[in-house]
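Here is a friendly note to read alongside the model. Please keep the structure open as you go through the points.

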Amino acid sequence: VPAITRTDAAAMDAADPLVRLRDEFVLPDGVVYLDGNSLGALPRRAAARVREVVEAEWAEGLVRSWNEAGWIDLPAHVAGKIAPLVGALPSEVAVADSTSVNVFKLLAGALRLRPRRRVIVSERENFPTDLYVAQGLAATAEATMGLPSAMALPW
Ligand SMILES: Cc1ncc(COP(=O)(O)O)c(C=O)c1O
(Lines give C-alpha, C1' and ligand atoms only; values in the text may rest on other atoms or scores of the structure.)
Protein backbone atom coordinates (compact mmCIF):
# COMPACT_ATOMS: atom_id res chain seq x y z
CA VAL A 1 0.00 0.00 0.00
CA PRO A 2 1.60 3.29 -1.02
CA ALA A 3 2.01 5.84 1.75
CA ILE A 4 -0.07 9.00 1.59
CA THR A 5 2.22 11.98 1.12
CA ARG A 6 1.74 15.53 2.35
CA THR A 7 1.00 16.51 -1.28
CA ASP A 8 -1.75 13.84 -1.45
CA ALA A 9 -3.24 15.13 1.80
CA ALA A 10 -3.17 18.73 0.55
CA ALA A 11 -4.92 17.64 -2.67
CA MET A 12 -7.59 15.79 -0.70
CA ASP A 13 -8.08 18.87 1.50
CA ALA A 14 -8.44 21.06 -1.60
CA ALA A 15 -11.11 18.73 -3.01
CA ASP A 16 -12.98 18.34 0.29
CA PRO A 17 -16.44 19.96 0.04
CA LEU A 18 -16.42 20.48 3.82
CA VAL A 19 -13.15 22.42 3.89
CA ARG A 20 -14.97 25.77 3.78
CA LEU A 21 -16.47 24.94 7.18
CA ARG A 22 -13.02 25.17 8.82
CA ASP A 23 -13.36 28.94 9.03
CA GLU A 24 -16.58 28.55 11.00
CA PHE A 25 -14.55 27.45 14.05
CA VAL A 26 -12.10 29.27 16.33
CA LEU A 27 -8.88 27.36 17.04
CA PRO A 28 -5.49 28.58 18.22
CA ASP A 29 -2.92 28.81 15.42
CA GLY A 30 -1.14 25.54 14.66
CA VAL A 31 -3.59 23.36 16.62
CA VAL A 32 -4.91 20.17 14.99
CA TYR A 33 -7.93 19.36 17.17
CA LEU A 34 -9.57 15.96 16.85
CA ASP A 35 -11.75 15.87 20.00
CA GLY A 36 -15.32 16.30 18.84
CA ASN A 37 -17.32 14.35 21.41
CA SER A 38 -16.25 15.90 24.68
CA LEU A 39 -15.66 19.54 23.87
CA GLY A 40 -15.50 20.44 20.23
CA ALA A 41 -13.91 23.57 18.80
CA LEU A 42 -15.85 26.78 19.37
CA PRO A 43 -18.13 27.63 16.41
CA ARG A 44 -17.70 31.36 15.68
CA ARG A 45 -21.46 31.86 15.53
CA ALA A 46 -21.90 30.19 18.95
CA ALA A 47 -19.94 32.95 20.69
CA ALA A 48 -22.21 35.65 19.27
CA ARG A 49 -25.35 33.60 19.97
CA VAL A 50 -24.34 32.90 23.59
CA ARG A 51 -23.77 36.65 24.10
CA GLU A 52 -27.23 37.37 22.66
CA VAL A 53 -28.86 34.74 24.90
CA VAL A 54 -27.18 36.04 28.04
CA GLU A 55 -27.35 39.78 27.42
CA ALA A 56 -30.74 40.06 25.67
CA GLU A 57 -32.83 36.96 26.23
CA TRP A 58 -31.78 36.29 29.84
CA ALA A 59 -30.95 39.77 31.13
CA GLU A 60 -33.82 41.59 29.42
CA GLY A 61 -36.38 38.90 28.66
CA LEU A 62 -36.02 37.08 31.98
CA VAL A 63 -38.52 34.25 32.47
CA ARG A 64 -40.57 35.43 29.45
CA SER A 65 -37.76 34.12 27.20
CA TRP A 66 -38.94 30.56 27.68
CA ASN A 67 -41.79 31.50 25.34
CA GLU A 68 -40.80 34.74 23.64
CA ALA A 69 -37.29 33.56 22.68
CA GLY A 70 -38.48 30.01 22.02
CA TRP A 71 -36.36 28.29 24.69
CA ILE A 72 -39.24 25.95 25.44
CA ASP A 73 -39.15 24.57 21.87
CA LEU A 74 -35.38 24.07 21.69
CA PRO A 75 -35.27 20.36 22.67
CA ALA A 76 -37.56 19.44 19.74
CA HIS A 77 -35.95 22.00 17.41
CA VAL A 78 -32.42 20.74 18.05
CA ALA A 79 -33.58 17.11 17.90
CA GLY A 80 -35.00 17.83 14.45
CA LYS A 81 -31.60 19.07 13.29
CA ILE A 82 -29.72 16.09 14.74
CA ALA A 83 -32.15 13.46 13.39
CA PRO A 84 -30.97 13.44 9.75
CA LEU A 85 -27.35 13.35 10.90
CA VAL A 86 -27.97 10.05 12.71
CA GLY A 87 -30.48 8.62 10.22
CA ALA A 88 -33.47 9.00 12.52
CA LEU A 89 -36.86 10.69 12.39
CA PRO A 90 -37.16 13.91 14.39
CA SER A 91 -39.64 12.15 16.69
CA GLU A 92 -37.01 9.49 17.47
CA VAL A 93 -34.43 11.94 18.86
CA ALA A 94 -34.63 13.71 22.21
CA VAL A 95 -32.32 16.48 23.32
CA ALA A 96 -32.59 17.00 27.04
CA ASP A 97 -30.71 17.46 30.28
CA SER A 98 -27.00 16.77 30.78
CA THR A 99 -25.18 13.63 29.67
CA SER A 100 -25.06 12.37 33.26
CA VAL A 101 -28.79 12.87 33.82
CA ASN A 102 -29.56 11.12 30.54
CA VAL A 103 -27.25 8.20 31.41
CA PHE A 104 -29.11 7.87 34.72
CA LYS A 105 -32.55 7.97 33.08
CA LEU A 106 -31.50 5.46 30.40
CA LEU A 107 -30.02 2.96 32.88
CA ALA A 108 -32.87 3.36 35.39
CA GLY A 109 -35.41 2.82 32.60
CA ALA A 110 -33.56 -0.26 31.35
CA LEU A 111 -33.45 -1.79 34.85
CA ARG A 112 -37.16 -1.12 35.30
CA LEU A 113 -38.03 -2.71 31.95
CA ARG A 114 -36.07 -5.91 32.72
CA PRO A 115 -36.54 -6.50 36.48
CA ARG A 116 -34.78 -9.89 36.35
CA ARG A 117 -31.63 -8.48 34.76
CA ARG A 118 -29.57 -6.80 37.48
CA VAL A 119 -26.09 -6.30 36.00
CA ILE A 120 -24.97 -3.04 34.39
CA VAL A 121 -22.02 -3.73 32.09
CA SER A 122 -19.67 -1.00 30.99
CA GLU A 123 -16.06 -0.71 29.94
CA ARG A 124 -13.77 0.04 32.86
CA GLU A 125 -12.17 2.83 30.80
CA ASN A 126 -15.51 4.56 30.20
CA PHE A 127 -15.95 8.24 31.03
CA PRO A 128 -15.59 8.47 34.84
CA THR A 129 -18.83 10.32 35.58
CA ASP A 130 -20.81 7.83 33.48
CA LEU A 131 -19.42 5.06 35.70
CA TYR A 132 -20.16 7.00 38.91
CA VAL A 133 -23.78 7.45 37.79
CA ALA A 134 -24.07 3.73 36.96
CA GLN A 135 -22.43 2.69 40.23
CA GLY A 136 -24.70 5.00 42.25
CA LEU A 137 -27.77 3.63 40.52
CA ALA A 138 -26.63 0.02 40.95
CA ALA A 139 -26.18 0.61 44.69
CA THR A 140 -29.76 1.81 45.08
CA ALA A 141 -31.43 -0.52 42.55
CA GLU A 142 -30.15 -3.88 43.80
CA ALA A 143 -27.96 -4.25 40.75
CA THR A 144 -24.25 -4.93 40.33
CA MET A 145 -21.65 -3.58 37.97
CA GLY A 146 -19.71 -5.61 35.41
CA LEU A 147 -16.62 -3.65 34.45
CA PRO A 148 -14.43 -5.53 31.98
CA SER A 149 -11.47 -3.70 30.56
CA ALA A 150 -11.85 -2.90 26.87
CA MET A 151 -8.14 -3.70 26.58
CA ALA A 152 -8.89 -7.30 27.56
CA LEU A 153 -11.74 -7.84 25.10
CA PRO A 154 -10.97 -10.09 22.11
CA TRP A 155 -11.82 -7.50 19.39
C1 LIG B 1 -18.94 10.45 27.53
C2 LIG B 1 -19.30 11.58 28.46
N3 LIG B 1 -20.04 11.30 29.56
C4 LIG B 1 -20.37 12.28 30.43
C5 LIG B 1 -19.96 13.59 30.26
C6 LIG B 1 -20.38 14.60 31.29
O7 LIG B 1 -21.39 15.37 30.76
P8 LIG B 1 -22.44 16.19 31.66
O9 LIG B 1 -21.64 17.20 32.43
O10 LIG B 1 -23.35 16.78 30.63
O11 LIG B 1 -23.16 15.24 32.55
C12 LIG B 1 -19.21 13.93 29.13
C13 LIG B 1 -18.77 15.30 28.92
O14 LIG B 1 -17.98 15.61 28.07
C15 LIG B 1 -18.88 12.89 28.21
O16 LIG B 1 -18.15 13.16 27.09
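1. The second largest pocket is lined by L21, E24, F25, P43, R45 and A46. A pocket here is an open set of points on a 1 Å grid over the protein atoms alone, where a 1.4 Å probe fits and protein lies on both sides within 12 Å along at least five of seven lines; lining residues have an atom within 4 Å of a point. This pocket holds about 200 Å³ of space, a volume being the space filled by probe spheres set on the points, which are joined across faces, edges and corners. Its lining has four nonpolar residues, two charged ones and no polar ones. In this scheme Ala, Val, Leu, Ile, Met, Phe, Trp, Tyr, Cys and Pro are nonpolar, Asp, Glu, Lys and Arg are charged, and the others, Gly among them, are polar.

2. A word on the model before going further: it is predicted, with local features needing pLDDT of at least 70 and side-chain atom pairs pLDDT 80 or more, while totals for chains, interfaces and linings use all residues. Residues are numbered from 1 along each chain as its sequence is written, and side-chain values use heavy atoms, leaving out hydrogens and water.

3. P43, one of the lining residues named above, sits in strand β2 (residues 42-43). Strands (E, at least two residues) and helices (H or I, at least four) are DSSP runs numbered from the N terminus. P43 counts as partly exposed because its relative accessibility is 33%; buried means under 20%, exposed over 50% and partly exposed in between, with a 1.4 Å probe and protein chains only. From P43 to G80, 37 residues apart along the chain, the C-alpha atoms are separated by 20 Å.

4. Next, the largest pocket, with about 630 Å³ of space. It is lined by 22 residues, and the closest to its centre are L21, R22, F25, L27 and Y33. By class, this lining divides into 14 nonpolar, three polar and five charged residues.

5. Which residues are around the ligand? They are S38, S98, T99, S100, F127, T129 and D130, each with a heavy atom within 4 Å of it. This shell divides into one nonpolar, five polar and one charged residue.

6. A ligand oxygen is 2.5 Å from an N or O atom in the side chain of S100, and an oxygen of the ligand is 2.9 Å from a polar backbone atom of T99. A ligand nitrogen is 2.9 Å from an N or O atom in the side chain of D130. Taken alone the ligand exposes 400 Å², and the protein buries 67% of that; these areas come from the Shrake-Rupley method with a 1.4 Å probe. The elements that give two or more residues to the shell are α5 (99-113) and α6 (128-140).

7. Please look at the loops too. D97 lies between α4 (74-82) and α5, and has a positive phi of about 55° although it is not a glycine. D97 is exposed, at 54% relative accessibility. E142, in the loop between α6 and β4 (144-146), also is not a glycine and has a positive phi, of about 50°. Its relative accessible area is 72%, so E142 counts as exposed.

8. Is S122 buried or exposed? S122 is buried, with a relative accessible area of 13%, and belongs to the loop between β3 (119-121) and α6. Its side chain and that of N126 are joined by a polar contact of 2.9 Å, meaning a pair of N or O atoms within 3.5 Å; within protein, one must be able to donate a hydrogen and the other to accept it, and residues adjacent in sequence count only if both atoms are side-chain atoms.
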